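Dear colleague,

I am handing over the structure we spoke about, and you will find the sequence and the coordinates just below. My notes on what was found follow after that, and I would be glad if you read them with the model open.

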Amino acid sequence: MIAKAGKGSLTVVRFDEEHCRAVEPDRTLLGSKGANLVELCRLGLPVPPGFILGTDCARKYHEKGRLTRKLIEAVHEALEWLQETAGRRFGSRRRPLLLAVRSGAPDSMPGMMDTILNIGLNDDTVEGLERSSGNPRFAWDSYRRLITMYGDTVLGVPRSEAEQILQRARDEHEVEFDWELDARALADVVKRLRNHVARRSEVVFPQDPEAQLFTAIEAVFSSWNSDRSRVYREMHDLEDTGTAVTVQAMVFGNSGGNSGSGVAFSRDPSTGENSFYSEFIYNAQGEDVVSGARSPDAGDSLQANDADLYRQLRSIASQLEQQFRDMQDIEFTVEDGRLFILQARNAKRSPLASLRTAVDMAEEGVISRRDAVARVRDIPMRQLRVRRLAPPPGVCPIARGTVASVGVAVGHLALDPTRAIEMKRQGKRPILVREETRAEDLAGMEASVGLLTARGGRTSHAAVVARQLGLCCVVGCQGLEFLDGDRIRLGDTVLEAGQPISLDGGTGRVYALELPVTSPVECAEIERIGEWSRELGLDPPFSDS
C-alpha cells in the first residue's frame, strides 16, 4: 500500500506471501532488507509478516523533524492488518502481538544502525505473554531485553549499564549465564532496569505500546545520522539516502529449549569455500548471535538435534544463492521447532572469499565469466596474497580462538578503539582486542591491522566487519580475560597495552611477540580471472593499491 501525504506519497508496503506478489522490490525505496524480504515472501519462504516504511518516509521525517500525521495514520492502518494476519493484538493482555523495528538502508550496513525487539511489552502484556506461552521465564526475559534495547536506542542509556545490572543479578544468584536466571530473578532485573533508565534519562519507560512503537521508529530513522553510520558511509562512499524501517511480527528464539537464533552462510565467508556454514544459539534472540555477546555453537549442534530443520535451512540457502546469484548471509530463528527466515542478503566476505566465490560461481554457471571479472576488479592485489606466520622452533601460542577472517596480523596491543586510532597516527600497527565489538568501534577497527575478541563467532559483528575491511580476525578466544583498562590475560600470560602480539588467521593461534611472516603466495584463482579477462578483451583485473 502507498500512504498519500500531500502532493506526494509515502511508501508503506506490507509483506507476506500474498501482498508481495505485486510489489516491486526496489532497494533504493525499500532498503536492502525490505526489498529482500519482499523477494523471500515471493519465494514462499517462512517469513514473519510485517510492513516497510520506505526511505522516502525517512527523508520526510528528517525534513519535518517529526513523524507526519499521514505517516502515523498509515502505520495504524498497516498495524491493523498485521494484527489480523498474525492473529494477535498489539497491547493485548491475553495474546499480545510483539514487534521488531529494524533499519534497512539501500546498501547493507551491518550493525551500524539500530534495532529494537519485543516492542509492546509492559507490566500488563508481560503477564499476557506469560499466560499465553506458559513460560514465565521467557516472558520476563523478553521484557528485560526490550528495556535494555529501548533504553540504549531511544533514551541514550548505554547498553553496558544494563549489562552491569544483569551481571549483578547473576552474581547474586550464583549463576554464570543469563539463561540460568529464573522468572522471579528476571522480574527483579526488569524492575532494576526501569528504575535505572528513569534515573539516567529522566524519562520513565513508556507503558503505552504505541508510544514504544512510534518512538522506536523515530530512533531508527535518526540512527542514519549517528556517528558510526556517518563513518561507515564515508568509508564505503555510500549515498545519503536515509534508511527504510521494517516493522515485523516477533518470532522468539528465547522461548525455550527447542528454540534459538542463528546466522548461516551459503559459502564460507572467510575463505570462499563452497561449504554451507551456520552458527546457532539455543534459547536466544538474534541480537545474542550478531552482537558477539555469546559464543555460538557451530551448525553441527543444530544438525544433530534437528536434522530435518537443518536440511530445510541448507535447502533455503541454496535456493537463495540461485535466486540472488551470490553468496548469502541468512538470519533465522527457530521458535518451538519451527524455522523462520528474518532476512537474507549478499554476504560480506573477505577479499579472498570474493575472488574464490566469483570464480566458482562462474564455473558452476551461476554467473558469467564477465560478471566474475567485474566482481573482483576493484580488489587490491595485496589483499589476495596469502601469508602465514612463521614462528621459530620452540615458540608456542599463548591462546587460540575461532578463525573469522583469514590473513596474519603482527603489531601491538590496543585495548580500545581510541588508542588504536592514536597508535596508527604514530605509525604503529595496532591489533584491537575487545570482549566483543560494537558498532561504535568501527573507526578503531578500520585503524587496526587485526582484531581479537573474547566472545562471539564467525557470524558476529566483529567477524562481518573485519572480513569486509580485509582484516585478520580471531573471535571467541579461549582464556582471554580483561584485567583492567591496560592489561589482559591470555591463557597464563599477562599482557599490557602496547606490547607486541601476533595473530594467525589461518589457525586462530595467538602469540605474545612479533613473529616473522612467510612470503606472499598468490592463489590459483588470480590466474584464472586473468585468463578470462584476456579472453574477453577486458582490462587487467585487480588494483595495485
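About 40 Å³ of space lies in the largest cavity of this predicted model, and the structure holds two cavities of 30 Å³ or more. The lining of the largest cavity is made up of Ile 147, Thr 148, Gly 151, Asp 152, Val 157, Pro 158, Ala 162, Leu 193, His 196 and Val 197. The elements that contribute two or more residues to this lining are helix H5 (136-153) and helix H7 (183-201), and H5 provides the largest share, namely four residues. Sorted by class, the lining of the largest cavity has six nonpolar, three polar and one charged residues.

For the second largest cavity, at least two lining residues come from each of H5, helix H6 (159-172) and H7, with H6 giving the most, three residues. By class, this second lining divides into four nonpolar, one polar and two charged residues.

Elsewhere in the chain, I looked at a pair of helices. The axes of helix H13 (residues 351-364) and helix H14 (residues 369-376) come within 8 Å and cross at roughly 175°; since angles over 145 degrees count as roughly antiparallel, H13 and H14 are therefore roughly antiparallel to each other. On the H13 side, the residues in contact are Ser 354, Leu 355, Ala 358, Met 361 and Ala 362, and they meet Arg 369, Ala 372, Arg 375 and Val 376 of H14. Taken by class, the contact of H13 with H14 has six nonpolar, one polar and two charged residues.

As for the chain as a whole, it has 18 helices and 25 strands, and its C-alpha trace spans about 65 × 60 × 50 Å along the principal axes. How does the radius of gyration of the chain compare with that of a compact globule? For 545 residues, a compact globule would have a radius of gyration near 24 Å, and the chain, with 23 Å, agrees with this.

With best wishes

Notes: Residues numbered from 1 in each chain as written. Predicted model: local features only at pLDDT ≥ 70, side-chain atom pairs only at ≥ 80, totals over all residues. Heavy atoms only, no water. 1 Å grid on protein atoms, 1.4 Å probe; cavity = no way out; pocket = protein on both sides within 12 Å on 5 of 7 lines; lining within 4 Å. Points joined across faces, edges and corners; volume = space filled by probe spheres on them. Nonpolar A, V, L, I, M, F, W, Y, C, P; charged D, E, K, R; others polar. Axes fitted to C-alpha atoms, helices over the stretch in contact; angles between N-to-C directions. Parallel < 35°, antiparallel > 145°, perpendicular 65-115°, else oblique. Contact = heavy atoms within 4.5 Å. Rg over C-alpha atoms; globule rule 2.2 N^0.38 Å.
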